[in-house]
Amino acid sequence: MTLDFLGNLQRSHKLGELRASDAGSTVILMGWVNRRRDHGDLIFLDLRDRTGITQVVFDKSDSIEAHLKAETSRPEFVVAVRGKVRERGEGLKNPKMDTGDIEVVAEECWLLNEAKTPPFPIADDAPITNEEVRLKYRYLDLRRPELQKNFVLRHKVARAIREYLSDNDFLEVETPLLTRSTPEGARDYLVPSRVHAGEFYALPQSPQIFKQILMIGGFDRYFQIARCFRDEDLRADRQPDFTQIDLEMTFPQQETIFGVAEGFLRAAFKVAGITLPEGSFLKMSYDEAIQKYGIDKPDMRLPAMVNLSDVLTPELRVTLKIDPTLPVYGFTIPRVGELSGSARKALLAEVRTSFGESGLDLLDVARLRTAEQFAPLAEEIGAKLNAEQVVFNGESLTTDDLIIVVTPKPETPHAWNYDTLWIPKRVGQLRLDLAKKYADKHGLFAQTGTAADFKFLWVTDFPMYEWNEEHKRWDAAHHPFTSPHEEDIKSGALYNDKGAVRALAYDIVLNGTELGSGSIRIHRQDVQAEIFRSLGMSDEEAKERFGFFLDALEYGTPPHGGIALGLDRIVMILAGASSLREVIAFPKTAKAIDLMVDAPSPANEVQLRELNLRIVHKS
């Protein structure tokens, strides 16, 4: 096969642009062969680029040479065509295509490149189940319209956010990718220095210290769509390198930062055709989120759980054989429908696996209202759940809703002094597991493409510290540059009762997914030094690792704070994708491997010598 050169040929239109109004025009089109249909003297090629598809007709009677090249073409060949646009006849138009009213009658054709048969069909809409093959041949996967649509959306979202922040007086400033290791809660990726033997840079987990330095430097309002790196175990919503919308500002209250974040989220959602309602997003403290939902990133599409302990009188506990020392929690899973006897037994076994035998385990609404053995509880529990839970989609409980009532028992003695919320956390996890179990079958999380599908929530007042049982110490729950509540400094709790200290930290949550987190920062050197000490860091170690920052805090540092939201997660949700890999151009697998370029890969001996390194394998 003889291939053609492009030469001076230039395309006149992209493949999604032509309409009936272009009929009669001579055009030059270029793209990939999406499909080929051979009817002998007539051959149809559907040409594709990222804007769409145009049907091209090759009539042997018009051009034998063009027809021969079309006959030679196969899917994913790269071709150029010169031809005349004509309107399709009645009954031949394709309403499913933007260009479905027209076709191009080919006069000339150039074969610019051939293609091997792809390992998966690119023209088909059917999902490709083998993700490893998709990632290995990512350059082919990216041609699929579904992924191209995702990346058009990503571009528009990023542009809308950038424009919103720029219009609100934020300056975009780039910060270094080669820096020093700082405590951010995950492992750093380290980069050995060639010119400083035995020393390493770290790739930033976030631009945290640099954006604080920018505030000290007087920039007032900073943002960056920043690349960040974390060496941690991966999940569907995590990648080792990711992109976050990072911002910082001086003299803010928490509400100031909330307003900015809500503003650019509204701008981002608007480009996806979703107008979020005006007004502030819901807010809830960390303690309230755990008590009502058992998790610090509640999915507000689900009803809250309710502590029913005070409903059960001592007499009822005896009757129902419920330990008087155990709490009782109830929650509702909407739209479950009537359970069969076998399904009920399986669900009961699942609950008992989580919480042990407990006398009162699970009920559905119909049984709660009618079963004689629960008559003493029916009115009280039903009323309490109806009164205190979040109403689901504006509707009260129905007989299709499942009520779960559990009396959790501790599996092992627990460090009660350090986590008094462990019981609602366990119940909350069961609640989420059951909701996910019934979600697809019963349309629990069905998306309608409207603003009502998206339930935003600010979670505030996180614990400043979390107890590390393994090392018997307090660790920073957020990062060590987060400011404690002023009241907890003034009261002495910072020094005497770390478990009670609240951080001026906040997360923004959407439908149970954490989009981002931030905090008001420490702007006083004495407080920052005390936080380092409280984390077991000596003054000497703090000086060695953060001396430049501690010094900077002594030169008139203004109060400041900020937030960082995951751009990848925002786009994933807007695209309705199940994984970040659907909205990141070149993602890694769950084992942090890039299958396309086969990374990570070994370094050769010359490289290792230059870096003063040698590999020692674990025995």
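Predicted model: local features only at pLDDT ≥ 70, side-chain atom pairs only at ≥ 80, totals over all residues.
For orientation, a disulfide is a covalent bond between the sulfur atoms of two cysteines. Two cysteines may be selected to begin. Cys109 has a relative accessibility of 6% and therefore counts as buried, the limit being under 20%. Cys228 is likewise buried, with a relative accessible area of 0%.

**Aromatic pairs**

Next, display the rings of the aromatic residues. The count comes to 14 aromatic pairs. Select Phe481 and Phe532: their rings form an edge-to-face pair, with 6.2 Å from centre to centre and 90° between the planes. Where do the two partners lie? Phe481 belongs to the loop between β18 (473-476) and α13 (486-490), whereas Phe532 belongs to helix α15 (residues 525-534), so the pair ties together parts that are 51 residues apart in sequence. Both Phe481 and Phe532 are buried.

Phe546 is buried, as is Phe532.

**Charges over rings**

Turn now to two lysines. Select Lys136 together with Tyr137: Lys136 lies over the face of the tyrosine, 5.9 Å from the ring centre. Then select Lys498 and Tyr465. Here the charged end of Lys498 sits over the ring of Tyr465, at 6.0 Å from its centre.

The next stop is Ser519, which is placed in strand β20 (residues 513-520). Is Ser519 buried or exposed? Its relative accessible area is 0%, so Ser519 is buried. Which residues does Ser519 touch, leaving aside those up to four places away in sequence? They are His478, His479, Thr482, Leu504, Ala505, Tyr506, Gly561 and Gly562.

The last part of the tour concerns the backbone. Most residues other than glycine have a negative phi, and most peptide bonds are trans.

Select Ala599 and Pro600. The peptide bond that joins Ala599 to Pro600 is cis, and its omega is near 5°. Pro600 is located in the loop between α17 (567-575) and α18 (605-610).

Move to Glu76, which is not a glycine and yet has a positive phi of about 80°. Glu76 is in the loop between α1 (64-72) and β4 (78-87). With a relative accessibility of 4%, Glu76 counts as buried.

Finally, select Asp220. Its phi is near 70°, again a positive value in a residue other than glycine. Asp220 occupies the loop between α5 (208-216) and β9 (221-229). How does Asp220 count in terms of exposure, buried or partly exposed? Its relative accessibility is 33%, so Asp220 counts as partly exposed, whereas Glu76 counts as buried.

Definitions and conventions. Residues numbered from 1 in each chain as written. Heavy atoms only, no water. Buried < 20%, exposed > 50% of the residue type's maximum accessible area, 1.4 Å probe, protein only. Phe/Tyr/Trp six-rings, centres within 6.5 Å; stacked < 30°, edge-to-face > 60°. Helix = DSSP H or I, 4+ residues; strand = E, 2+ residues; numbered from the N terminus. Lys NZ or Arg CZ within 6 Å of the ring centre and 35° of its normal. Contact = heavy atoms within 4.5 Å.
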